[in-house]
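Please look over the sequence and the model before reading on.

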Amino acid sequence: MSAPGVLSFTQQGWEQVLAKVKRALVYLDAACAESLHWGCGSTRLLEAVGGPECHLREFEPAAVGGGAKQPKAVFVLSCLLKGRTVETLRDIICRSHFQYCVVVTAVNHAVHLTANHVPAAAAAELEGQQPVFEQLEEKLCEWMGNMNYTAEVLHVPLLLAPVAPHLALTPAFASLFPLLPQDVHLLNSARPDKRRLGSLSEVDATALTPELFLQIRCLVSGLSSLCEHFGVREECFAVGSLSRIIAADLANYAPAKNRRKTATGRASVVFVDRTLDLTGATGHHGDNLVEKIISVLPQLPGHTNDVMVNMVELTALQNEEKSQSMVAPGCLAQPKDAAAKALWEALLSTKHKEAVMEVRRHLVEAASRENLPIKMSMGRVTPGQLLSYIHLFKNNLKALVSHCGLLQLGLATVQTLKHPQTAKWDNFLAFERLLLQSIGESTMSVVLNQLLPMMKPLNQRTDNDYSPEELLILLIYIYSVGGEFTVDKDLGEAEEKVKKALAQVFCEESELSPLLQKITGCDSSIKLTFHKSKIAVDELFTSLRDIAGARNLMKQFKSVYVPGNHTHQTPVPCGTRAAETAAGGRKVVSRWEEQRRRKSTASYKPLLRQVVEEIFNPEKPDPVDIEHMSSGLTDLLKTGFSMFMKVSRPHPSDHPLLILFVVGGVTVSEAKMIKDLVPSLKPGTQVIVLSTRLLKPFNIPELLFATDRLHPDLGF
């Protein structure tokens with residue numbers, strides 16, 4: 001096993017599972033399947049199962065049970081063993097002929113005690129015992145029909161989908177998203193008047209819904225296991241309200257406190273709320289090929305972070321829609337193919353142009369190694385050129401199998417470059433740059449009025465115009481980058497015009513997308529009246545106002561917008577006629593110098609960059625918005641004594657490992673920026689970026705307007 005990292009953590013967990021699956025029927029839920037997909041690959045599981053048949057099935061109520069010749073089952077689950085999850089287990093086992101059942105859960109037994117309302121003091125007395133798991137083992141034997149059959153329930157921390165050495169995701173928590181001010185009103189509806197919350201800053205773990213609290217505790221359970229794998233005692237920090245709750249829960253999680261007593265290494269874990277900066281998530285500034293691939297290609301079914309690659313080009317079938325459904329899709333994750341994995345990591349770390357050239361280089365080298373008749377061509381790389389290299393492998397089965405992973409990445413590149421949405425990427429980027437300038441020079445009402453002509457109903461739109469979902473992305477971008485603004489009469493009128501135009505656009509859609517169904521509450525365009533649409537749009541703008549005010553509670557990270565300097569004067573070389581002394585000693589600026597005055601453009605400065613730069617500020621001031629979460633009396637005493645005497649308070653730059661967890665998703669470009677930035681600010685520091693999911697612009701409206709943010713579905 002390599003040095004401790006996100007990949008070794010994931011593979012170590014799966015090795016424990018693989019040791020149980022020989023000749024078994026294996027049921028996996030979607031999150032565990034995604035962890036396997038990125039960490040080991042499904043072929044590794046099939047090899048461990050053995051036998052000529054495929055014994056993998058999706059864990060769901062309708063899953064087919066085991067036949068008379070399938071006496072063993074292994075269930076690999078990312079969730080708590082409670083409620084509907086246990087009912088599904090029972091139903092599958094009762095219609096099967098199992099004599100040996102193993103249930104693997106990614107959630108620690110301590111969290112199961114919490115979910116079953118066992119008080120903390122009673123749970124502490126049960127250390128080393130696993131009554132919840134033992135009770136389920138008895139139930140498994142009962143459902144199998146014989147108490148002498150074998151049942152086993154165990155915890156394995158299958159938390160991560162390791163996308164790269166520096167980047168890992170948590171598929172089971174893809175829906176976890178920071179709270180907005182409107183959520184405070186919903187939380188208050190269940191609280192007595194005297195205990196009403198004033199703002200997000202007052203929300204703590206006790207104020208959350210039971211479902212959301214348990215979801216956070218399940219995440220904390222996995223993160224504690226990760227820190228145990230790294231052998232570190234972690235200091236927890238937070239930027240944002242939900243991050244503060246997660247960081248505090250990890251700092252005070254009882255199993256983590258016990259683990260830290262023997263840990264020899266040190267690490268800083270910094271949680272950051274995604275809602276503090278939705279500009280980077282909805283913007284198109286990222287000059288990265290992978291970001292475009294995951295944005296334009298269809299999502300791999302059951303996955304949140306991978307895409308389907310059309311593989312028909314490598315067959316004798318015609319590239320038609322009917323053919324695509326006949327051929328299994330390719331994907332981006334290639335954990336067992338060293339060459340493809342090397343290319344994938346290069347694509348994550350390079351700009352678009354260099355990435356496309358890297359794809360060509362890998363294809364050319366692979367074709368040369370297989371002695372395929374390649375025709376070299378230099379200069380600009382085109383989709384047609386890449387496709388011609390890929391076609392060389394088509395009729396050579398040995399070469400195709402040997403380089404299958406590389407060909408999948410090559411086809412993903414070709415299909416992205418040819419996709420009409422890729423051409424639109426540049427249109428988005430141009431408009432976003434225009435918005436950045438407008439925000440600095442104009443009021444919010446003027447900026448919104450610029451958007452009005454772009455809001456066209458279906459019968460007036462061309463392929464170059466913006467769909468309703470794309471208009472939402474632009475609105476989120478505007479409100480996030482602009483931040484807090486003054487509400488006046490002009491803004492009210494501008495917003496009302498935009499609301500009416502957007503409501504009309506929604507009404508005239510021939511078919512409502514899943515997102516529009518969620519926003520409007522209508523499952524059909526026939527049922528959507530203008531009145532219903534307008535009500536939905538009004539609620540939508542409440543969320544947009546919340547986004548604009550998301551950084552209100554920040555003192556240092558109040559803005560991601562850097563205004564342009566319209567009067568910046570560049571230095572003038574000696575010996576020019578730049579200035580002449582007039583009577584009275586006043587300098588008169590020449591026309592030549594006036595022309596040298598330049599206008600620096602407004603820009604966007606990612607909040608994550610600001611956070612990292614503040615962490616590694618060489619002056620090491622006490623962080624203002626990066627809040628340290630104490631894990632007990634010792635930390636509290638340190639904080640208290642530091643007010644009166646020179647006691648060093650914990651600082652996120654103190655340790656050789658920085659784990660930055662973005663709650664709500666991260667983009668490929670942001671992960672690359674952090675990976676490159678940290679070594680430049682403090683050489684020798686290792687950085688790992690964790691997040692709930694990989695983001696593309698279309699994800700943000702889905703997450704933002706989700707109705708179950710406070711009540712996540714935990715399977716019970």
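The sections below cover the sheet, a helix packed on it, one serine and one further helix.

## The sheet

The model is predicted. It contains an open sheet of 5 strands, and their order is β2-β1-β3-β4-β5. The strands pair in parallel. At the edges lie β2 (56–58) and β5 (150–155), each of which pairs on one side only. On average, neighbouring strands of the sheet are turned by 15° against each other, direction ignored.

One of the pairings joins β3 (residues 72–77) to β4 (residues 100–105), in the parallel sense and over 6 bridges. In this pairing, lysine 72 stands opposite tyrosine 100 of β4.

## A helix on the sheet

Helix α4, residues 84–94, packs on the sheet and touches β1 (25–28), β3 and β4. The direction of α4 makes about 160° with that of β3.

## Serine 8

Helix α1 (residues 6–18) includes serine 8. The relative accessible area of serine 8 is 2%, under the 20% cut-off, so this residue counts as buried. A polar atom of the serine 8 side chain lies 2.8 Å from the backbone nitrogen of glycine 5.

## Helix α9

Helix α9 runs over residues 210–230 and has 21 residues. At 1.5 Å a residue α9 should span 30 Å, and its end C-alpha atoms are 30 Å apart, so the two values agree.

Of the 21 residues in α9, 17 are buried, which leaves the helix mostly covered.

Methods
Residues numbered from 1 in each chain as written. Predicted model: local features only at pLDDT ≥ 70, side-chain atom pairs only at ≥ 80, totals over all residues. Heavy atoms only, no water. Pairing = 2+ DSSP bridges. Helix = DSSP H or I, 4+ residues; strand = E, 2+ residues; numbered from the N terminus. Axes fitted to C-alpha atoms, helices over the stretch in contact; angles between N-to-C directions. Contact = heavy atoms within 4.5 Å. Buried < 20%, exposed > 50% of the residue type's maximum accessible area, 1.4 Å probe, protein only. Polar contact = N/O pair within 3.5 Å; in protein donor to acceptor, adjacent residues only side chain to side chain. Expected span 1.5 Å × (residues − 1).
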